[in-house]
Amino acid sequence: MFKKVLSFLIINLGVFCLAVNVHFFLSPNNLATGGVSGLSIVLHNIYPDISLGLVMLILNVFCFILGFIFIGFNFGAKTIYTSFAVSFMVWALEELAPLSQPLSDDILIQLIIGQMIAAAGIAMVFHQGASTGGTDIVAMIINKFFSLELGKAVLLSDIAIATSSVFLFGPQIGLYAFFGVILNGIVIDYALQQFDNNKEIVIISRESERVQEFIVNELGKGATIHTAKGAFTQDSKEVITTILKRKDYTRLKKYIAEIDHTAFITVHSMNEIIGENFKRLA
């Protein structure tokens, strides 16, 4: 129950970050950087009497209806909740903290800060097994019928939205929007890596048994052991492979330095790990 409540709170914090970016940074500067938020900013400019939050809500409903028709009921409850929660939070910020003009004359710094805040929010949402829905659903439909990779389909829809802003808001704002689309992908990838900061550690040590005992008994982690043969000495050696968080890796490295300063260690940052004790496959 505690984990479920914590997950719900993290999702809402992530959603709030997304809403902050849309309300305080993107919308006042007409930066349509893709997604439902970008398309909503374009439509809100055409129909200014309708609030931005309501436009986002209508678009999300429309995207889910398309998804149900063409893909089926393949959306988790978290994704559905997140999609609509962003719309409601944007609407709430419009009511509680209305803006008559941008926070600054410098569009670039607002774009960078806003995208960083949004990337942190999206990383929180993704880390809890949800997504922000919206145009991701359109990308899934494109993927199903045109066999276009999902990532490329998402990028295609975002570029299309950014392109529309060129005609509506002018080339300068349009170029900022294009930059925002590129920046969004880079910063989201970086933010996700900070959440999933697991490392694959490969160890060859003369004190293999003691290292294994430390990993299992002190760190409470598992490891895989296999035998390898050195090319120069032709000696058989045990190779230990384990997956650790950065904090646990620091403890392990310190321990190995104390018992075997000749140990050979390689470390690889992992973007995603699926399996027991990590992310579920489905």
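R210 and E207 form a salt bridge in this predicted model, with 3.9 Å between the closest N and O atoms; a salt bridge is counted when a side-chain nitrogen of Lys or Arg lies within 4 Å of a carboxyl oxygen of Asp or Glu. Both partners are partly exposed: R210 has a relative accessible area of 39%, and E207 one of 28%. Here buried stands for a relative accessible area under 20%, exposed for over 50%, and partly exposed for values in between (1.4 Å probe, protein chains only). Residue numbers start from 1 along each chain as its sequence is written, and side-chain values use heavy atoms, with hydrogens and water left out. Because the model is predicted, local features need pLDDT of at least 70 and side-chain atom pairs count only at pLDDT 80 or more, whereas totals for chains, interfaces and linings use all residues.

The search of the whole structure finds 2 salt bridges. R206 and D260 also meet in a salt bridge through their side chains, at 3.3 Å from N to O. R206 is in the loop between strand 1 (199-204) and helix 9 (208-218), and D260 is in the loop between helix 10 (246-259) and strand 4 (264-269), so this pair ties together parts that are 54 residues apart in sequence. R206 is exposed, with a relative accessible area of 63%, but D260 is buried, at 3%. In general, side chains of opposite charge can pair when their charged atoms come close.

The protein contains 10 helices and 4 strands. These elements are DSSP runs numbered from the N terminus (helices: H or I, at least four residues; strands: E, at least two). Their order from the N terminus is α-α-α-α-α-α-α-α-β-α-β-β-α-β.

Strand pairing requires at least two DSSP bridges between the strands. Strand 3 (residues 236-244) pairs with strand 1 in the antiparallel sense over 6 bridges, and V202 stands opposite T241 of strand 3. Strand 2 (residues 224-229) also pairs with strand 3 in the antiparallel sense, over 6 bridges, with I225 opposite I240. Strands 2 and 3 form a hairpin with 6 residues between them, and Q234 in the turn has a positive phi of about 65°.

The largest nonpolar core has 41 residues, of which V22, L26, L31, L52, M56, V86 and V90 touch the most other members. Such a core is a set of buried Ala, Val, Leu, Ile, Met, Phe, Trp, Tyr and Cys residues joined through side-chain atoms within 4.5 Å. Among the elements that give two or more residues to this core are helix 1 (2-26), helix 3 (52-70) and helix 4 (77-96). Helix 1 gives the most, with 9 residues. Apart from neighbours within four places in sequence, M56 is in contact (heavy atoms within 4.5 Å) with V22, V36, S37, S40, V86, S87 and V90. A second, separate core of 13 residues includes I201, F214, Y249 and Y255.

Buried residues make up 40% of the 282 residues in the protein. Of the contacts between residues at least 6 apart in sequence, 73% join residues at least 24 apart. The C-alpha atoms fill a box of roughly 75 × 45 × 40 Å along the principal axes.
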